[in-house]
Amino acid sequence: PRASLVYPRELREPRSAHTAPCPSRRPAPPPLTAPPLPQSASASVSEEILRREARLLGDDLGAVALSPASAGLLGGSGSDADSGEALLGRGTSAAAVAIGGNVATVATSSPGVAAVAAVPPGKVGGAVVVEDQPDVSAVLSAYNQQGDPTLYEEYYSGLKHFIECSLDCHRAELSQLFYPLFVHMYLELVYNQHESEAKSFFERFHGDQECYYQDDLRVLSSLTKKEHMKGNETMLDFRTSKFVLRISRDSYQLLKRHLQEKQNNQIWNIVQEHLYIDIFDGMPRSKQQIDAMVGSLAGEAKREANKAKVFFGLLKEPEFDVPLDDEDEEGENEEGKPKKKKPKKDNVGSKSKKQDPNAPPQNRIPLPELKDSDKLDKVMNMKEAARRVRLGPECLPSICFYTFLNAYQGLTAVDITDDSSMIVGGFADSTVRVWSVTPKKLRSVKTAADLSLIDKESDDVLERIMDEKTASELKILYGHSGPVYGTSFSPDRNYLLSCSEDGTVRLWSLQTFTCLVGYKGHNYPVWDTQFSPYGYYFVSGGHDRVARLWATDHYQPLRIFAGHLADVTCTRFHPNSNYVATGSADRTIRLWDVLNGNCVRIFTGHKGPIHSLAFSPNGRFLATGATDGRVLLWDIGHGLMVGELKGHSDTIYALRFSRDGEILASGSMDNTVRLWDAVKAFEDLETDDFTTATGHINLPENSQDLLLGTYMTKSTPVVHLHFTRRNLLLAAGAYSSQ
């Protein structure tokens, strides 16, 4: 009944096919502002009816949050309601709620919907500024429809008894209701100031919830008064985003019948108002299948969320001639200077490969042109690739561990250049330190006065511009005013990105070792940043819950990826640079399309904040690691979880596929590096249409078969992993002397 409110017949007036739904005898309101309407008897009567229909009593009538389609807004409480103002929400698509008009549509609050509080009597007319953040009082006002507070425990235990006594096949699915109902019923009691009932409700039932909700319940237990709810982000998330449950039609019918027979309106109201039930036809899912997918802040992903087409294939490599002479040792003791990250399989020589059928069009997004130096790098890269070790269960990589000793400044981030010639550390004392890991020292370019003396035509001009007096193994970059949480080298090794608690991302030149740009867009700490595999673009994610896509020559972001319900903790580019993956503290991973900013995949299943992401070199799969110590494997094309690797006992901060994708390496706070058989993990996948449609995933319990090796450090958490061009595994971390 709350979805559409219709006035009694005597107040309805006929309207012609061409007129807007506004009262006759009055001009229609202009598109963006709604001037005050003359007071009339019919207005006050219909307002009373509207209030009664919406079950909102006099003073409780705050702002009502509306869906985007009907983002009209009914003005205020008490005295300001008397002027019968009608305010309009966003744009002309909003439908006016005209007091004394024909029909008003008031829908329930939905995510990302703007809500505006009533305007005081003085401020009449003029456009209404709509905030992006959901208005707190509007969000909370949905809790006004309350039942008898003393019966809440009875309602909940009645439902609990019904579910526990239902058939096994339905019990697992219906048990998903326990947690969201528990939270909403508790918040409803707190909001309506039944504090003692709320406390007893919490104490009686909080022990029944799944273990992976413990952190959320801890936050919830601190909300004991109505005032606490106003500024609490977790609570607002829960209120504004509908909790998604995926249930078979049979189980849903069973639940509906039970609630209607019992006349259990309170629970039925919450189910309709705050939950999104994604119903599928077919067999109900088992406890294992459900447990694999649930655990995120807003339940599972809707099936529609993972239906969009994703071009996960690789872009065609540019063609150019590779000199066939193999005498490329030339006394150089560094590992060449190849460009791209993750070279593609069989990419030796100049043979042109066919276009991958799953690849995006070559010009789908503009990518930077290859410079001559880039082409030279690619030639070196191909020669290195020819000498690469083919890894597998019988041939595991050697691991070289870089330990940061005496890192009293607190090591917070590490990156290694693609040719493994430099390593960078971000530290809690706000410095960025760059080391050369080859005998070749780091040198800055000479001053402008000295450069003008150089003969630009000479063959060794690139050597001559370097100032030997500045040569050293370590360069320290000062500029940030807070801990540095993320670092990333550009593929051509000319630039370095760093992001910090100070809310900025900085771009540093590795020619002059100075800061070129400070990108300001995030207002809060920035947790991660990464360059695109083609350079030029980079992505950042932070505490403000959004990821931003930037280009090095723009000081404003090109795209803002909004949708996560908590901090964006890690970011990764897809190898074809058309997509960006983000991991979040809301326990979900999202895949975003760089072209239009849309979210094309939502992956749920982790039971803790995500801290590492890695795409397979062929672009088909994604590996993710979190505080729950599990590595989950995802098929990007089908949008499905296809594997779970158990073994680590602490947060996984580093994941990396070998250059050909045969081995997946994971590094964790438990001081170990583990190697997994990626080929075996991805073979014989069940990705038929039925599985895709219903999410009946059957994860094999084969973690032990896939684990190829575990390598302990003495007392060094692993924060970064990197495979060299020839498949030597480099790992890095700071020694902790606990």
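Predicted model: local features only at pLDDT ≥ 70, side-chain atom pairs only at ≥ 80, totals over all residues.

**The nonpolar core and its surroundings**

Reply: The largest nonpolar core holds 45 residues, and those with the most contacts inside it are Leu177, Phe182, Phe201 and Leu220. Helix 6 (residues 178–191) gives the most to this core: eleven residues. Take Phe201 as a way in. Leaving out residues up to four places away in sequence, Phe201 touches Tyr152, Glu153, Tyr156, Phe182, Met185, Tyr186 and Leu189. In soluble globular proteins, nonpolar side chains tend to be buried together.

Mean pLDDT for the protein chain is 77, with 73% of its residues at 70 or more. Over residues 1–41 pLDDT stays under 50, and the model has 70 contacts there beyond four places in sequence. Residues 327–352 also have pLDDT below 50. Their contacts beyond near neighbours in sequence number 73 in the model.

Next, helix 13. It covers residues 372–386, 15 residues in all. At 1.5 Å a residue it should span 21 Å, and its end C-alpha atoms are 22 Å apart, so the two values agree.

An open sheet of four strands runs in the order 22-23-24-25, with antiparallel pairing. Strand 22 (568–573) and strand 25 (599–604) stand at the edges. Each has a single partner strand, so one side of each is left without a neighbour in the sheet. On average, neighbouring strands of this sheet are turned by 20 degrees against each other, direction ignored. Strand 23 (residues 579–584) and strand 24 (residues 588–593) pair over five bridges, in the antiparallel sense. Thr582 has Arg590, in strand 24, as its bridge partner.

Two arginines in loops deserve a look at the backbone. Arg493 sits in the loop between strand 14 (484–489) and strand 15 (495–500). Its phi is positive, about 60 degrees, although Arg493 is not a glycine. Arg493 is buried, because its relative accessible area is 10%, and the cut-off for buried is under 20%. Arg545 lies in the loop between strand 19 (537–542) and strand 20 (546–551). Phi of Arg545 is near 75 degrees, a positive value in a residue other than glycine.

Conventions: Residues numbered from 1 in each chain as written. Heavy atoms only, no water. Expected span 1.5 Å × (residues − 1). pLDDT = per-residue confidence, 0-100. Contact = heavy atoms within 4.5 Å. Buried < 20%, exposed > 50% of the residue type's maximum accessible area, 1.4 Å probe, protein only. Pairing = 2+ DSSP bridges. Axes fitted to C-alpha atoms, helices over the stretch in contact; angles between N-to-C directions. Core = buried A, V, L, I, M, F, W, Y, C linked by side-chain atoms within 4.5 Å.
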